[in-house]
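Load the model in the viewer and keep the sequence panel open.

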Amino acid sequence: MQDGRRKPDGDASPASRDARDAPEGAEAEQESEAARRRRRAQFLRELHEAKQLRDRVQPRRARAARMRQQMRMRTFRW
């Protein structure tokens, strides 16, 4: 290090590091879209699993919810 004026590359800010590491243009957009879809799929899987667990541990509430949903569907007008 010379006089403390120059920072080594390891001290670069996170924003500049991300800009260097990120793919250019459309590739970055594609990658982020794919990552978003993976996160969404994971979230939906976990949500479905949580709903199934809740239905198993609270059968009366689950049955009442199914009945309400059926009633809503019967009274819904296309």
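**Whole chain**

Of the 78 residues in the chain, 3% are buried, where buried means under 20% relative accessible area, exposed means over 50%, and partly exposed lies in between (1.4 Å probe, protein chains only). This is a predicted model, in which local features need pLDDT of at least 70 and side-chain atom pairs count only at pLDDT 80 or more, while totals for chains, interfaces and linings use all residues. Residues are numbered from 1 along each chain as its sequence is written, and side-chain values use heavy atoms, with hydrogens and water left out.

Colour by secondary structure. The chain has three helices and zero strands; helices (H or I, at least four residues) and strands (E, at least two) are DSSP runs, numbered from the N terminus. Along the sequence, the pattern reads α-α-α.

Accessible areas come from the Shrake-Rupley method with a 1.4 Å probe, and for residues only the protein chains shown count as cover.

How many salt bridges does a search of the whole structure find? The search finds two, a salt bridge being a side-chain nitrogen of Lys or Arg within 4 Å of a carboxyl oxygen of Asp or Glu.

- Glu33 with Arg36: the closest N and O atoms are 3.1 Å apart. Both residues lie in helix H2, three residues apart, which is about one turn of the helix.
- Arg37 with Glu33: here the closest N and O atoms are 3.3 Å apart. This pair also lies in helix H2, four residues apart, again about one turn of the helix.

Through shared partners, these salt bridges join Glu33, Arg36 and Arg37 into one network. Now colour the three by accessibility. Glu33 is partly exposed, with a relative accessible area of 31%, and Arg36 is partly exposed at 38%. Arg37, at 54%, is exposed.

**Nonpolar patch**

Next, select Phe43, Leu44 and Leu47. They form a nonpolar patch on the surface, with about 260 Å² of accessible area together. Patches are made of residues with over 30% relative accessible area and no salt bridge; like charges are joined within 9 Å, and nonpolar side chains (Val, Leu, Ile, Met, Phe, Trp, Tyr) within 5 Å. Leu44 lies in helix H2 and counts as partly exposed because its relative accessibility is 37%.

Select Gln52, which is found in helix H2. Gln52 is partly exposed, with a relative accessible area of 39%.

**Positive patch**

Last, select Lys51, Arg54, Arg61, Arg68 and Arg72. These residues gather in a patch of positive charge on the surface. Lys and Arg count as positive and Asp and Glu as negative, with His and the chain ends not counted; the place of a charge is taken as NZ of Lys, CZ of Arg, CG of Asp or CD of Glu.

Which helix supplies the largest share of the positive patch? H3 does, with three residues. Helix H2 (25-57) and helix H3 (59-75) each supply at least two residues of the patch. Zoom in on Arg61 in helix H3: Arg61 is exposed, with a relative accessible area of 56%.
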